[in-house]
Amino acid sequence: MKITRIEAFQVAWNPNDRPQQRSAFVLVHTDDGITGMGEASPMQGGRASLGMIRYDIAPLLIGQDPLDHAVLLDQAMHTLVKLGPEGALTGALAALDIALWDIKGKRTGLPIYKLIGGAWKTAIPFYASIGGNGERSVDQVCKVVEQRMKDQPAAVKIRFDNPRTALDADIPGDIAKARAVRKLVGDGFPLAFDANNGYSIAGAMRVGRALEELGYWWFEEPVQHYHVKATGELAQRLDITVSAGEQTYTLSALADLIDSGVRMVQPDIVKMGGITGLLRCAALAHALGAELVPHQTQPTIGHVANLHVKASLLQSVKPAEWNDPSTRTHAVFENPPVPVNGLFKLSNEPGLGLRFNEAELAKRRVD
Ligand code: CA
């Protein structure tokens, strides 16, 4: 089997989506008629990753055997390392890795979770990941959480997407929102707080102490992601679990994060390594005694790829992230992922198990 053609394009879910709001998909075609689908990190619409795929990586892969995916993508990573190795390059390689695993599944007739060693469970609980709370009032935050509780999440994470250049902008307001959400959902319900890199160390200590009193489950990315030691310091000083890693792009960087003291790490399947990379992260985290709870906010290909890996993880206690409950992506798939009674079920279909509606995809495709 040989790779014959690679397509890299954006998908506009709504006609007036700005280019930065679109998803970044790849299709890898083979000479025996199998096509694999993948997705890159959607930062700025994934255009940097799509460009690298088209101009730099695809020429390295055409004519190669897709089942050699780990060798091929490690070769590409090291050939193009000066384009990265963080961010757009690893997002591009992640998309291709997912597509090549999809091909492997379709070639063997097996779902990906079987090929990576089996699932502990194929019905996976999720947590509702809710962004944009920095700008909302306390009441607005509660309204959005109330709405998302209808999907029966196993937990809720509230995210504060404040500008990264203005730290500690509204600590009392942030704590008030955390307190109101706790009151809304009741004492026993699992909650997480995502600072999106919004605090200084002192600010994060103050918020972290409040979250401990409110019984939050974890405190995500309290300080700038590049301040690895500071993140580790907070993880060691606070009792609440401090998490980070969605902006970690290499296995070595993940090792540094764990070494700093962070005990819950969140690498993202569409940002670094794809399925192969996330499995390597899982092995590393397990060896070093850290908990791996993958970050993943894309509602279709990225989400399903993440579920295949998540299902296979030893000691995976926390639910999978689910960011986008809207139906805007559904028309493009014959079988879009939708939770039933609070669970996403992995199918027995080969590969990822997702099937495109080709006509609807064609309508939304932007090359
Ligand atoms: Ca986050």
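Strand S1 (residues 3–11) pairs with S13 in the antiparallel sense over 2 bridges. Strands here are DSSP runs of E with at least two residues and helices are runs of H or I with at least four, numbered from the N terminus; two strands pair if DSSP finds at least two bridges between them. This is a predicted model, in which local features need pLDDT of at least 70 and side-chain atom pairs count only at pLDDT 80 or more, while totals for chains, interfaces and linings use all residues. Residues are numbered from 1 along each chain as its sequence is written, and side-chain values use heavy atoms, with hydrogens and water left out.

**The sheet**
- Val 11 stands opposite Arg 365 in S13.
- The open sheet comprises 4 strands in the order S3-S2-S1-S13, with antiparallel pairing.
- Strand S3 (35–40) and strand S13 (365–366) each have a single partner strand, so one side of each lacks a neighbour in the sheet.

**The calcium site**
- Asp 194 (OD), Glu 220 (OE) and Glu 246 (OE) coordinate the calcium ion at 2.1 to 2.3 Å; donors are N, O and S atoms within 2.8 Å of the metal (3.2 Å for Na, K and Ca), and sites may look incomplete because water is not among the atoms.
- The spacing of these donor residues in sequence is D-x25-E-x25-E.
- Glu 220 lies in strand S7 (residues 218–220) and Glu 246 in the loop between strand S8 (241–244) and helix H9 (251–260), so the pair ties together parts 26 residues apart in sequence.
- Glu 220 has 0% relative accessibility and therefore counts as buried (under 20% relative accessible area; exposed is over 50% and partly exposed in between, with a 1.4 Å probe and protein chains only).
- Glu 246, at 9% relative accessibility, also counts as buried.
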